[in-house]
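Please read it alongside the sequence and the structure.

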Amino acid sequence: MSLEFKHIPVMSEDIDKILTPYKSGVYIDCTFGGGSITREILSKKNTKVISIDRDNFVETFSKEISKEYNNRFEFIIDRFSNLENILKERNLQKVPVAIIFDLGLSSFQIDNPERGFSYRQDGLLKMTMGKNNVTAFDIVNKLDLKDLRNIFNLFGEDKDSGLIAKLIVQKRQDKEINSTKELAEIILRAKRYKNSKYNKVDSCAKIFQAIRMIVNQELTELYEGLISAINNLSIDGKIVVITFHSLEDKIVKKVFDFFSNKKKGTSRYLPQNNENENFNILEIKDRKPTIASEKEIKNNNRARSAKLRCATKVQDHSFEFKRSYLNLEKYFQLEEVMHA
Ligand SMILES: C[S@@+](CC[C@H](N)C(=O)[O-])C[C@H]1O[C@@H](n2cnc3c(N)ncnc32)[C@H](O)[C@@H]1O
């Protein structure tokens, strides 16, 4: 296993500021990656960290940390949508003092051509983070024109979604589309046809990210992880989320708004029959997300699209939150289209 790639964490100083002063207790790092957030927490006395990642590859990094912090650290290969069960099995419900999500991919994943995430290098169409049922190959070769167009339009926000979907369907009538290079060529062909001044990087990045989100059901994962985190934090516990896509940020904002009673009486997604419930479950200091400093963006281009939101749990609740309250069903349903 190669460790030649290095992951530079995004907004780690901002996370540190939120968690300082570090309380003693259990922290959950839902997106272990290269382990820098886990390490930072473990460097503080009387902390324990349970770290989750769906990618087998990062287990290597967890072993290094285990050697140093043997009895204060546990690493679990799983999806964070399973957080509720992970905590239940360990009798840790309502125990964590902080739960952290640093979403997206690590450089170990993006920079490895064998994983098929990047249009910059040729590789098989995979894009699986780990614990997947489908690959990018399945999405590109099996979905019908309408679903492909909707994915590119809603997740990629690409105005040429229809043409890209059409060219994919045309191409695969001759032969299956197997590689990232073939897919990138089709996207660029559509762009050249529509507008000679297209931006190669943006065009491919958006479509690749859209497919990746469907392969890994990233919005569904986030939604389920967030709700479990809110249900299972201790009182005064903190939830911190860094997102890299506008739809992810929208989910975090809507869920935080709901649980902090910010839209009571005005929101269409608030359940009417629960008007008298107390929704002040979370306290939000700032409803605007924190973004990376110019200096950080200069040193780490990944930081340019990062948005950080955090909340503190102030009380428990007993109502059942329904996904449909978010008014984002069309996105969730598209993520389910290959997984049904
Ligand atoms: C941006 S990296 C995290 C980097 C990490 N904070 C660090 O400092 O090195 C995101 C990681 O989260 C993992 N991940 C993404 N979605 C996940 C999910 N639904 N469940 C578990 N792990 C997930 C990815 O495999 C990746 O390793």
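In this predicted model, a polar backbone atom of Gly35 is 3.3 Å from an oxygen atom of the ligand. For Gly34, a polar backbone atom is 2.8 Å from a ligand oxygen atom.

**Ligand surroundings**
- The ligand is surrounded by 25 residues.
- The closest of these are Gly34, Ser36, Asp53, Asp102 and Glu221.
- A nitrogen atom of the ligand lies 2.9 Å from a backbone N or O atom of Phe80.

**Helices α7 and α14**
- Helix α7 spans residues 145–154 and helix α14 spans residues 329–336; their axes come within 11 Å and cross at roughly 130°.
- The two helices, α7 and α14, are therefore oblique to each other.
- The crossing in which α7 passes α14 is left-handed.
- On the α7 side, Asp147, Asn150, Ile151 and Leu154 take part in the contact, and they meet Lys330, Tyr331 and Leu334 of α14.
- By type, the residues of this contact between α7 and α14 are four nonpolar, two charged and one polar.

**Backbone geometry in loops**
- Thr20 and Pro21 are joined by a cis peptide bond, with omega near 0°.
- Pro21 belongs to the loop that runs between α1 (12–19) and β1 (25–29).
- Asn46 is not a glycine, yet has a positive phi of about 60°.
- The loop between α2 (36–42) and β2 (47–53) contains Asn46.

How values were computed
Residues numbered from 1 in each chain as written. Predicted model: local features only at pLDDT ≥ 70, side-chain atom pairs only at ≥ 80, totals over all residues. Heavy atoms only, no water. Axes fitted to C-alpha atoms, helices over the stretch in contact; angles between N-to-C directions. Helix = DSSP H or I, 4+ residues; strand = E, 2+ residues; numbered from the N terminus. Parallel < 35°, antiparallel > 145°, perpendicular 65-115°, else oblique. Left-handed = near helix turned anticlockwise from the far one by under 90°. Contact = heavy atoms within 4.5 Å. Nonpolar A, V, L, I, M, F, W, Y, C, P; charged D, E, K, R; others polar. Near = heavy atom within 4 Å. Polar contact = N/O pair within 3.5 Å; in protein donor to acceptor, adjacent residues only side chain to side chain.
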